[in-house]
2 protein chains.
Amino acid sequence: MAQHHVVIVGGGFAGLAAAKALGNRNVQVTLIDRRNFHLFQPLLYQVATGGLSPADICAPIRAVVRSYKNIRTILAEVTGFDLAGKKVLLADGELGFDSLLVAAGARHHYFGNEQWEPLAPGLKTIEDATAIRRKILWAFESAERETDLEKRLAWLTFVVVGGGPTGVELAGALGEIANDTLKEDFRTCRPEESRILLLDAGDKILSNFPPDLAEAAEKALLQLGVRCLNRRYVTAVDEDGVTIRLKDSGTSDRIASKTVIWAAGVKGSPLAASLAESAGLVADRAGRVPVTGDCSLAGFPNVFALGDMAAFAGADGNMLPGVAPVAMQQGPYVAKLILNRLANRTTEPFRYTDKGNLATIGRHSAIADFGTFHATGLVAWVLWLFIHLMFLVGFQNRLQVLTHWAFQYISFNRNARLITANALTPTQHKGT
Amino acid sequence: MAQHHVVIVGGGFAGLAAAKALGNRNVQVTLIDRRNFHLFQPLLYQVATGGLSPADICAPIRAVVRSYKNIRTILAEVTGFDLAGKKVLLADGELGFDSLLVAAGARHHYFGNEQWEPLAPGLKTIEDATAIRRKILWAFESAERETDLEKRLAWLTFVVVGGGPTGVELAGALGEIANDTLKEDFRTCRPEESRILLLDAGDKILSNFPPDLAEAAEKALLQLGVRCLNRRYVTAVDEDGVTIRLKDSGTSDRIASKTVIWAAGVKGSPLAASLAESAGLVADRAGRVPVTGDCSLAGFPNVFALGDMAAFAGADGNMLPGVAPVAMQQGPYVAKLILNRLANRTTEPFRYTDKGNLATIGRHSAIADFGTFHATGLVAWVLWLFIHLMFLVGFQNRLQVLTHWAFQYISFNRNARLITANALTPTQHKGT
């Protein structure tokens, strides 16, 4: 009898954890990704702000699963699913499966205003990160050469839309760049006069954290020169800034800024909608596939959706958040369920163990929520450093990131602040 | 009286060395580059082969000259020169000078076949390096999925055109990738069955080295699985391979290959021609500006051309080679000449001190030519490592590169092997 064939779509936290749990077991595994590397997304904002290099937070998927001889990796673009025919459709072929795990992640969400994307890029891929890095560094370079004071202020005004952890981390890093990294680098403009604004529609930033921690984060941001503007919606984005509406008064306001970064929302990968459709289901408003208690799709016990693109109802009835720990627990859970089934054993429904929540703001400053234990400042920051290093894939990556961080800590420098792009010239860049 | 204003075009080896030598002296310096970083070109091939990250061999120019308060850096595109009017023309303005140093480097040279560039990319910029890295890694990924054996062989055939140091280094690194790095990574194709061919029109590779060292290099390449095909010209390049003509028999031959890399020649930056024209001179066949014994242009004692884009006649009447040491000696020489002039002192003509020549092939293997002292193998390799680390700009870069090399040495892994590009999908990539 042929071995049971498990196809895993996506080499992110969920897919890679599932693959490892199935490694060297009595199943055949095919891992499909359209990139040849696993990306450690929690540190992506550090690539966007010139602290780390792309390769520091990426691990070649083939190298990660090299020792598992039952895992075959293919670099391919999945275009859809034929669940009834037990097939995954690729851009250049198709692939049969016995069990299917789809963990294709999420993209940023502009809530119907997709035309804002080129003006206010989001941060999900390595290319997003190097594009945002270019945008930020280019703004300071332009400010240096701009003689009109009003225009220079627009180059030195940075707007981050969305006060979740990514928005807070980006804004905090921008504060450090302006106040420390670039302080001595320019002769005309003064980076420390930058305005960094964090816009949020809610009552306070970091709404998934307890109020005392969110307040501590807001204070820490203020010390870095970041102003949090809450209860404000973005109603328009253009090349010269953003238009916002104040929730309370209903009046509109205008912020002149050449650098707007989007961190306001995420939406399941387009593959989520396509998977849902193939199963006769409907993706939810955030573009996620509804799944049952064992992460499978209703009516398709051998098809699973995991991680950011799955809508899994937690113990409290709310959907589990789109964070790495959920994906890292769901992957091995589904792997175990498949192995149990092959051994005719049953498996309990999936239960997420929330081990806590961390967000960093800047040097010596982070917040940590471990249920009854809350931490801020240096303690939370050290915890954040330690946990992120621990979960990075690959010992070399850990050492490289540690080296970068140590130098950054001592010298305030950010070594990876390169403006790169294909055939970049300032003139060409200005037009984009 | 206003301070003497020195404008330096280009932040490469020559420009940066000149700027440093003028740092905190009684002149005003403007350093113009269209990139915000200095690139350590001798290690660029290691970025192209996934051993190092771009930021490891780049240093932000502003950070390098930060402590010299008389140096102003601007990120701008130089479009031409008005030497009579003492002005540098920029894409978005102009800049007056009292003394001008132009050191804009070189690009690869296709000898009239510029249409080959997209098919057989050269290696001069960070973007070139990541594009070649993508091309190489993509070839192995495609071989893994190709079922037609002939087509698979074409994916596993790598042609490097040009047997100079860059070609040798690239071919050697390709040999290591195929035989060591990727050995266990694939399930269908066998990277160690790759064919790596180094084409050269001359009698032997590395024509600028003594024959005994060139022969040693050829043997070392063979051990890495690289075949040197000498006395062959490329007559055509297309998507499926190269057509070559054998110098001896005059017959044509065809090599089916999906990955052709160009290392066959360089040509001065387009700014060299434009500078020569503005001075009433003519650039030479290699696109270089002819300069006098003090690196200035005939008739313009305050205008200097340095490094790869200058044609400087050495003691033997031959033009100095386009290598880093020439640039690194010319920069401080011209800086000193300018300071001497301001102090009414004369300066001897420039004399290049050739300290030797190194090329690396792979693990434990390099060649070193120090005139009477020749070295090969491990000794030359350790020398190469030491000298390249020593000349890298920035202590952090040195430590990062050392870390990468140490890991690569121990594990045979290359951590920076990422296929990146804007919105890369395999399908899109195939079309390019």
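Two strands count as paired if DSSP finds at least two bridges between them, and strands (E, at least two residues) and helices (H or I, at least four) are DSSP runs numbered from the N terminus. This is a predicted model, where local features need pLDDT of at least 70, side-chain atom pairs count only at pLDDT 80 or more, and totals for chains, interfaces and linings use all residues. Residues are numbered from 1 along each chain as its sequence is written, while chains are lettered from A and ligands numbered from 1 in the order in which they are written.

Let's start in chain A. Strand 9 (residues 99-102) of chain A runs parallel to strand 21 (residues 300-305) of chain A, with three bridges, and A:Leu100 sits opposite A:Val303. Strand 21 of chain A also pairs with strand 20 (residues 296-297) of chain A, this time antiparallel over two bridges. There, A:Ser296 faces A:Phe304. Two residues lie between strands 20 and 21 of chain A in this hairpin, and A:Gly299 has a positive phi near 90 degrees.

Over in chain B, an open antiparallel sheet has three strands in the order 14-15-16. Strand 14 (232-238) and strand 16 (252-256) of chain B are the edges, each pairing on one side only.

Now for some helix packing. Helix 1 (residues 13-22) and helix 9 (residues 324-342) of chain B pack at about 30 degrees, axes 7 Å apart (axes are lines fitted to C-alpha atoms, for helices over the stretch in contact, and angles run from 0 to 180 degrees between N-to-C directions).
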